[in-house]
Amino acid sequence: MSFELENEDLLSESCCSIESERKSHHSEKVKKNLTTRLNRIEGQIRGIKGLIDRDVYCDDIITQISATQSALNSVAKLLLEGHLKSCVVERIHEGDEEVLDEFLVTIQKLMKK
């Protein structure tokens with residue numbers, strides 16, 4: 001199942017703005033998905049530490065680091081897509097166009113990595 005299809009229903013309940021307090025409001029399903037992904041990444045990090053402790057060949061460690069970065073990027077993409085489809089759209093409908101500048105800054109931060 002592709003990333004988009006697997007998570008399409010998760011994105012519709014992602015986050016929103018409550019007047020002056022901005023806060024994500026992820027459904028339990030979204031939270032579980034994100035937590036599962038982050039737990040897997042945490043395990044990958046522990047695995048990389050183990051590779052270093054065992055003096056595994058540097059190229060193999062770098063490959064694992066690359067896979068971990070890719071997994072983190074997937075979490076970021078999921079969050080970004082949900083944010084755009086819910087929070088940003090909602091705030092635009094409320095007349096808050098400043099959210100577009102905020103969104104562009106967020107994308108720039110992600111692109112630096």
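1. Asp 60 sits in helix α3. Its C-alpha atom lies 9.5 Å from that of Ile 48, a residue 12 positions away along the chain.

2. A word on the model before going on. This is a predicted model, in which local features need pLDDT of at least 70 and side-chain atom pairs count only at pLDDT 80 or more, while totals for chains, interfaces and linings use all residues. Residues are numbered from 1 along each chain as its sequence is written, and side-chain values use heavy atoms, with hydrogens and water left out.

3. Now the overall layout. The protein chain has four helices and two strands, and from the N terminus the order is α-β-β-α-α-α. Helices here are DSSP runs of H or I with at least four residues, strands are runs of E with at least two, and both are numbered from the N terminus. Of the 113 residues, 26% count as buried. Among contacts with a separation of 6 or more, 57% join residues 24 or more positions apart (contact means heavy atoms within 4.5 Å).

4. Next, the pairing of α2 and α3. The axes of helix α2 (residues 28–53) and helix α3 (residues 58–93) come within 10 Å and cross at roughly 165°; axes are lines fitted to C-alpha atoms, for helices over the stretch in contact, with angles from 0 to 180 degrees between N-to-C directions. The two helices are therefore roughly antiparallel (over 145 degrees; under 35 is roughly parallel, 65 to 115 roughly perpendicular and the rest oblique). The residues in this contact include Leu 38 and Ile 45 of α2 and Ile 65 and Leu 72 of α3. By type, the contact divides into 15 nonpolar, five polar and one charged residue. Ala, Val, Leu, Ile, Met, Phe, Trp, Tyr, Cys and Pro count as nonpolar, Asp, Glu, Lys and Arg as charged, and the others, Gly among them, as polar.

5. Which residues make up the largest nonpolar core? The five are Val 30, Leu 34, Ile 41, Val 75 and Leu 78. Such a core is a set of buried Ala, Val, Leu, Ile, Met, Phe, Trp, Tyr and Cys residues joined through side-chain atoms within 4.5 Å. Both α2 and α3 supply at least two residues of this core, and α2 gives the largest share, with three.

6. On to α3 and α4. The axes of α3 and helix α4 (residues 98–111) come within 10 Å and cross at roughly 170°, so these helices are roughly antiparallel to each other. Among the residues that meet are Leu 80, His 83 and Val 88 in α3, and Leu 100, Phe 103 and Ile 107 in α4. This contact comprises 10 nonpolar, two polar and two charged residues.

7. Finally, a residue worth a look: Asp 55, in the loop between α2 and α3. Its phi is near 55°, a positive value in a residue other than glycine. Asp 55 is exposed, with a relative accessible area of 69%.

Methods: Buried < 20%, exposed > 50% of the residue type's maximum accessible area, 1.4 Å probe, protein only.
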